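Thank you all for coming; I would like to walk through one structure this morning, going from single pairs of side chains to the surfaces where chains meet. Please have the sequence and the model open as we go.

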Amino acid sequence: MRNKIPVFISAFVGIFMILKYFSTYPAIKRVADELEQWGVITLSFSIVLGVLNLIKINLKAVVERKKDWGYKLLLLVSMFTMMIAGGVKWYLEEVRGRQVNQGLPLAVHDSLFDFMFDHVYFPLSATIFALLAFYVASAAFRAFRAKNLHATLLLIAAVIVMIGRVPVGGAIWKGFPWLQEWIMTWPNTAGQRAIQIGAAIGMIATGLRVILGIEKPYLKG
Amino acid sequence: MTERNDKVGIWERWLSAFVSLDRRWIFLIVASVVVFFLIVPVSMPVTVSEQVRAMYETIEALPAGARVHLSIDYGPGSEAELWPQHIAILRQLLEKDCKVICSSLWTDGPPMIEKAFTVVVGQLEKEGKKKVRGVDYVNLGFKAGDRVAITKIGSSFKETFPTDYQGNPTSALPIMQGWDTYRDIDLLITIAVGDPGAVEYIQQAQSRYNIPMVAGVTAVISPQLYPYYQSRNLRGFLGGLAGAAEYEKLVGRPGYATRGMFIQSAVHLLIVGLVLAGNVAQFALWSMRRKRGERL
Amino acid sequence: MSGQGGNPFARRMTRNTGVRTLAVLAAMCALPAHVLGASARVLPKEWHHIDVEKLPVFIALVLFGGFYLYLYRQMKAGRSMRLRRLPGIDAVEEAIARATEMGRPVLFIPGINDIDDIQTLAGLNILSHVAYIAAEYDTPLIVACRRSVVLTISEEVVKAASLAAGRPENYIPNNMRYLSDDQFAFTAGVNGIMLRERPASCIYQGCFYSESLILAETGYVSGAIQVAGTANVAQLPFFVAACDFTLIGEEFFAASAYLSRDPTVVASIEAADWLKMAYLLVIFLGVALATALALFPQAEIATLLELLKEIF
């Protein structure tokens with residue numbers, strides 16, 4: 001019974017969602033929309049589980065002075081600072097804002113939350129993304145080796161596209177931009193379509209396996 | 001004989017060291033090239049590709065007063081690639097007197113929208129073209145829900161965004177009068193970094209409402225858009241900084257992307273050089289080992 | 001993916017890489033859709049509260065369901081099926097064994113999307129097998145999640161797999177970690193785990209975006225053996241370049257069947273192969289009709305072509 005109920009729930013909801021996809025019948029749409037709302041509410045509550053997990057693991061490490069406990073303390077301090085700043089912003093916009101803005105929320109863009117968002121979160125986020133430029137260089141240097149025919153083809157295509165994509169390619173040889181465009185438009189598109197068709201069919205198979213309870217990893221025990 | 005063996009040994013050691021070069025040296029070389037060309041700018045002629053020209057022509061063909069939904073689906077992480085596209089497109093739209101309705105499916109998108117409006121509206125004001133918030137352009141802010149949010153926006157802008165980013169009721173804004181769904185939109189543009197982004201807009205909005213759509217995406221995402229461009233789901237698209245530079249050339253205002261083109265060219269050449277040198281070194285190493293009768 | 005027995009044509013085609021080559025050739029031959037988009041709709045958009053525009057998806061589901069039922073019954077009747085070797089999946093067991101030898105943990109990331117993404121579900125299916133093998137080998141498994149729902153389900157999956165392997169103690173709650181909902185904060189957190197806890201193997205199975213290369217390169221630096229799998233085409237080149245093994249698109253979705261060897265699951269993989277065969281035929285028919293239309297512009301051919309587009 002313990003195993004059957006979750007499978008029944010997932011099959012019921014899954015089949016209803018499939019029905020909603022194909023049918024324009026208002027009653028089906030209403031029930032499916034209601035189920036979607038339940039999903040959104042459940043997902044929203046689950047964020048609490050995530051935060052609790054984060055606090056539990058990191059607080060324990062700090063209290064027990066485990067290895068690298070300083071990083072964990074920094075994480076907790078940052079998290080609570082941002083949460084408090086977010087709460088203050090919400091209060092200014094939704095509670096005090098409505099009092100002074102004829103019942104409508106007031107947009108506040110100069111709070112502590114905004115400051116940290118603009119001057120801490122923005123640059124940190126951009127920095128991690130910018131690492132890609134360096135990692136692409138090191139990964140390309142290591143991976144593009146003409147070890148066999150396939151690797152050689154990959155290497156040749158990569159070199160043409162890398163040179164042809166930038167203006168210097170046209171300056172070196174006028175054919176580079178055309179050649180890279182040809183590679184991107186034809187072999188690339190063909191490969192993309194082939195992978196996408198295969199992946200889409202794989203998605204159908206996986207989706208149905210989960211909906212019909214053929215595969216239920218969470219119930220393995 | 002011994003001296004010759006030593007020489008071969010040194011070469012082999014050098015080649016071996018180069019083939020497995022510590023990646024921090026590569027980082028240092030890349031950083032040096034970028035910094036050098038930032039200090040010493042060099043300009044390069046830019047060749048415009050077909051899909052970029054198609055996007056430019058689609059926007060150019062819009063009449064004055066056309067309604068454009070500009071979805072800004074990126075954050076500061078990808079600002080380097082997408083900001084120049086954002087600025088060039090927004091300026092072209094406002095110069096053509098289009099009504100620009102901005103929103104975002106990314107939490108960090110609305111500040112990017114505000115920043116771009118500040119820059120472009122400020123530039124236009126200096127040139128004597130006044131643009132008014134709520135009349136010529138609007139920032140509707142962020143909407144959660146990814147794909148579901150796109151379908152909601154399509155069925156009703158005013159219900160999906162009851163207030164704009166500044167907290168004004170959407171239904172009271174002059175720019176929002178007399179229309180509400182994607183059927184009333186003349187062009188859909190997304191400047192996007194991932195999911196939700198261009199592909200999701202094509203699936204949930206473009207194909208459903210059959211509206212003209214163009215997109216600006218990062219270089220990594222652009223190969224994914226070629227099939228949609230061929231199938232005419234997309235009228236055109238920009239890929240990464242190179243796409244932005246081509247667009248800047250078409251709109252006649254070389255800017256950040258055009259300046260960045262030589263840096264990008266130099267880094268691309270550097271990577272190609274490193275890859276080729278790595279291969280040459282690897283082949284030389286294999287040949288030395290083969291001569292010694294070692295199995296590879 | 002391949003299966004043995006049954007339809008000899010499908011068996012021949014799926015045994016080797018011919019099917020991939022054919023798919024690529026067919027896609028290369030396919031004319032751009034705007035060439036085909038001239039004629040008007042043949043079928044109505046809606047029929048008795050049924051959205052006819054979604055007919056192609058319905059047909060795909062019906063075909064898949066039909067193929068699956070047929071193959072399932074065949075299998076029940078004693079037909080054996082064999083999957084072609086997937087080095088990427090074979091490497092998973094090898095990676096866990098390596099971690100056991102080195103006395104270091106295995107790191108698993110089920111993608112960065114939420115549970116509503118089918119790739120996350122596929123990743124969790126693979127996690128179940130990884131957790132089972134890790135429990136058998138008595139090797140600690142760290143699971144890093146970006147979404148709290150995925151964390152909750154991952155906890156259940158690892159707990160259930162450890163119990164099934166007869167080692168419930170191998171489930172360590174502190175090793176199930178939610179890091180952050182923010183993409184790059186999550187990436188930084190995973191990098192921290194890789195560099196501080198030095199997992200011997202990193203397994204990435206799910207939907208990944210720009211963080212793919214950052215994760216894979218950091219994993220490489222930490223000296224881990226890396227196995228990736230995703231259906232996100234834009235990220236595949238990064239994983240191919242930086243990881244030891246990569247499962248591409250459909251391979252990733254078939255991985256759990258390959259690992260479980262459960263005949264009911266394996267039958268669904270062969271059904272997917274059959275569906276692909278059916279689509280190849282449709283592609284060839286479409287190409288033939290479009291070519292015919294280009295050579296002989298007749299209304300009947302245009303209608304037939306339009307009908308084919310609306311059905312598939």
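Predicted model: local features only at pLDDT ≥ 70, side-chain atom pairs only at ≥ 80, totals over all residues.

Let me begin with a question: which side chain meets that of Lys309(C) in a salt bridge? The partner is Glu306(C), and the N to O distance is 3.3 Å, where a salt bridge is a side-chain nitrogen of Lys or Arg within 4 Å of a carboxyl oxygen of Asp or Glu.

Residues are numbered from 1 along each chain as its sequence is written, chains are lettered from A and ligands numbered from 1 in the order in which they are written, and side-chain values use heavy atoms, with hydrogens and water left out.

To return to our pair, Lys309(C) and Glu306(C) both belong to helix H13 of chain C, residues 299-311, and they stand three residues apart, about one turn of the helix; helices here are DSSP runs of H or I with at least four residues, and strands are runs of E with at least two, numbered from the N terminus. By buried I mean under 20% relative accessible area, by exposed over 50%, and by partly exposed anything in between, with a 1.4 Å probe and protein chains only.

Over all chains, the count comes to 36 salt bridges, and I will pick out a few of them. In chain A, Lys89(A) is bridged to Glu93(A), with the closest N and O atoms 3.2 Å apart. Both residues lie in helix H3 of chain A, residues 69-100, four residues apart, which is about one turn of the helix, and both are buried.

Back in chain C, Glu250(C) and Lys276(C) form a salt bridge at 2.5 Å, N to O. Glu250(C) sits in helix H11 (residues 250-260) and Lys276(C) in helix H12 (residues 263-295), so this pair ties together parts of chain C that are 26 residues apart in sequence. Glu250(C) and Lys276(C) are both buried. In chain B, salt bridges link Arg91(B), Glu95(B), Glu127(B), Lys129(B) and Arg253(B) into a network.

What about disulfides, that is, pairs of cysteine sulfur atoms within 2.5 Å? The count over all chains is zero. Cys202(C), for instance, is in no disulfide, and its nearest cysteine sulfur is that of Cys243(C), 8.5 Å away, which is too far for a bond. Cys202(C) is buried at 0% relative accessibility, and Cys243(C) is buried as well, at 9%.

Now to the interfaces, starting with chains A and C. Here 58 residues of chain A are in contact with 77 residues of chain C, contact meaning heavy atoms within 4.5 Å. The area buried between these chains is about 5,800 Å², with 70% of it from carbon and sulfur atoms; buried area is the accessible area, with a 1.4 Å probe, that two parts lose on being put together, summed over both. Two salt bridges are found across this interface, and Arg142(A) forms one with Glu217(C), the closest N and O atoms being 2.7 Å apart. On the side of chain A that touches chain C, helices H1 (4-22), H2 (26-63), H4 (112-143) and H7 (175-211) each supply at least two residues, and the largest share, 19 residues, comes from H7(A).

Finally, chain C also meets chain B, with twelve residues from chain C and nine residues from chain B taking part. About 920 Å² is buried between them, 58% of it given by carbon and sulfur atoms. The rule finds one salt bridge across this interface, and it joins Arg23(B) to Glu217(C), with the closest N and O atoms 3.5 Å apart. On the side of chain C that touches chain B, helix H3 (33-36) and helix H9 (211-221) of chain C each supply at least two residues. I would end on Glu217(C), which is bridged to Arg142(A) and also to Arg23(B).

Technical notes. Disulfide = S-S within 2.5 Å.
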